[in-house]
Amino acid sequence: MSDDTIRLVTFGRIIRRRGRFLTLITVVGALVGYGTSTLVPPRYTTSASVLLPGAWEERELLTQAEIATSSVVVDRAATTLAWRGVSGTELREQVSAKAANGNIIKISGTADTPERAQQLADQVARQFVTFATRIVGDSADPEAAARLESLRQAVVQANRRITELADAADPGRTVESVQTRTELEKLRTALREAIEKLDQADPASGKSSKANMVVMGPAARPAGEAPPTQEQLIAGGALLSFLLAVIGHLTAARMSRRLRGEPEITAALGAALLGTVDVAVERSANRPQGRGPRWLRRLLGIDTRWDIPAPRASGDEASRQLRFRRVCVRLRDLLPAPRRLLVVVPEGDEIAHRAAGQLVAEAHGDPATGSSGGGYPRLRVVAVSVSQPMLPDGDDVSGALVVLSAGSWTAAELAGIAEACADARHEIVGIVLAGPVVARTARSAGQRRHAASPALAVGDGATGGSV
């Protein structure tokens, strides 16, 4: 698994084999989300819109949004609202503003009740309009305004004097009078244009138009809580815990150093593979020896390996026995007489123990065993601890045969078994890999139990005698 690509079938295998554990973790996450929702009070949010007439640049709108949430505006709103135990500093954390399309500033208020949220948004909008209007009015220069007003009055008086002179002139009876009236009208037109240019150039007029901000109605009362709601916290806690559990399974599988390939196992033990055998098991077999009470691991559904494929369907009993017989034949052809071997099985490998028992039963059932120069080798099963491997000494054996299941042991553990064989001067003559299969019929299952019973007897008392 450490070098395999994670596929969808991997996720399906996790969900199938760790369904109860994932369900429990999901429920715990949902409870944590529910507990968090009880600690966090509900919040309600609503917005009030302020229209800014005139032409505004984007940076000016951003400035107005900052002014709307400034301490001056919010403190004034807090003073007007006069909520007990709530200061302007606390309200600043509950107020936000942003510039929207169409020269609109949206001011949002958040509170613990819908009524308070509505009041907060409306009051901040009002205080913002009042404060912004006062800023524009105060920014105008009073002396410049007075000079411009005096100039306007002088132009009005000059225009009135021009009208009087035009009326007093001879009404078009002579050429001179016509020219005079024409010149007066030109002068009147020039004065009118000058007045219009003064009005357009007056900065106070532009600012006054921009100062006419309008609150576009009261804020709507919120109908529901602001995110995250209680339902969102519960769903988020359940989903997050589920994802973390799945990621934890994948991470553990990636970090696993257990060997699954035949080349890796043979390289770790330094011997050749003599064959693979099938061991009929129940679908719930191949349960790892984990920490904690077994009933708890079974209740949580973590007593079954998920990172290995499910046992495939087996053929009949004859086909399985044929594999064991072929291993015995290879051993007979490989070893000189007398053929005595230690069958080394790692402790805790139930599949390997059953395979070793069936090998012993197959070798013991050969009529030619024990005859001079013929028959299968005589086998003796030895269970070895992978943490402290130790094998008995003996000069009456021709070597050791290692039987184990794939995906259960690391390279370091198998190397320890190989070193223990070398220390006891037992050459590893070969390796047999045992794989679990599911028997098809009840008759085959009964035959399997009958054939596996000698393995337990041999395994219990195998360290001393031979079979």
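Visitor: What percentage of the residues of the protein chain count as buried?

Guide: First, a note on the source: this is a predicted model, in which local features need pLDDT of at least 70 and side-chain atom pairs count only at pLDDT 80 or more, while totals for chains, interfaces and linings use all residues. Residues are numbered from 1 along each chain as its sequence is written, and side-chain values use heavy atoms, with hydrogens and water left out. A residue is called buried under 20% relative accessible area, exposed over 50%, and partly exposed in between (1.4 Å probe, protein chains only). By that rule, 39% of the 467 residues of the protein chain are buried.

Visitor: How many helices and strands does the protein chain have?

Guide: Helices (H or I, at least four residues) and strands (E, at least two) are DSSP runs, numbered from the N terminus. The protein chain contains 16 helices and ten strands.

Visitor: Among contacts between residues at least 6 apart in sequence, what percentage join residues at least 24 apart?

Guide: A contact means heavy atoms within 4.5 Å. In this chain, 82% of the contacts between residues at least 6 apart join residues at least 24 apart.

Visitor: Which residues have the most contacts inside the largest nonpolar core?

Guide: In soluble globular proteins, nonpolar side chains tend to be buried together. A nonpolar core is a set of buried Ala, Val, Leu, Ile, Met, Phe, Trp, Tyr and Cys residues joined through side-chain atoms within 4.5 Å. Here the largest one has 28 residues, and Val50, Leu52, Ile107, Leu120, Val124, Phe128 and Met213 have the most contacts inside it. At least two residues of this core come from each of β1 (44-51), α3 (58-68), α4 (71-81), β3 (104-111) and α6 (114-139). The largest share, eight residues, is supplied by α6. A second, separate core has 27 residues, including Cys328, Leu359, Leu401 and Val432.

Visitor: What does Val50 contact, leaving aside its neighbours within four places in sequence?

Guide: Among the contacts of Val50 are Asn103, Ile107, Phe128 and Met213.

Visitor: Where is Asn103 found, and is Asn103 buried or exposed?

Guide: Asn103 lies in the loop between β2 (95-100) and β3. Its relative accessible area is 18%, so Asn103 is buried. A polar contact is a pair of N or O atoms within 3.5 Å; within protein, one must be able to donate a hydrogen and the other to accept it, and residues adjacent in sequence count only if both atoms are side-chain atoms. The side chain of Asn103 reaches the backbone oxygen of Gly54 at 2.9 Å. Beyond four places in sequence, Asn103 touches residues including Leu52, Trp56 and Leu61.

Visitor: How many salt bridges are counted?

Guide: Side chains of opposite charge can pair when their charged atoms come close. A salt bridge is a side-chain nitrogen of Lys or Arg within 4 Å of a carboxyl oxygen of Asp or Glu. The count comes to eight. In one of them, Arg59 meets Glu57 at 3.0 Å, N to O; Arg59 is exposed because its relative accessibility is 57%, whereas Glu57, at 43%, is partly exposed.

Visitor: Which residue forms a salt bridge with Arg320?

Guide: Glu317 does so, with the closest N and O atoms 2.3 Å apart. Both residues lie in helix α13 (residues 317-334), three residues apart, about one turn of the helix. Arg320 is buried at 3% relative accessibility, and Glu317 is buried at 8%.

Visitor: Which residue does Arg325 meet in a salt bridge?

Guide: The side chain of Arg325 meets that of Glu362 (3.3 Å, N to O). This pair links distant parts of the chain, since Arg325 is in helix α13 and Glu362 in helix α14 (residues 350-364), 37 residues apart. Arg325 is partly exposed at 31%, while Glu362 is buried at 16%.

Visitor: Where is the place of Asp349?

Guide: Asp349 is in the loop between β7 (340-346) and α14, and its relative accessible area of 3% makes it buried. Polar contacts join the side chain of Asp349 to those of Ser405 at 2.8 Å and Trp409 at 3.0 Å.
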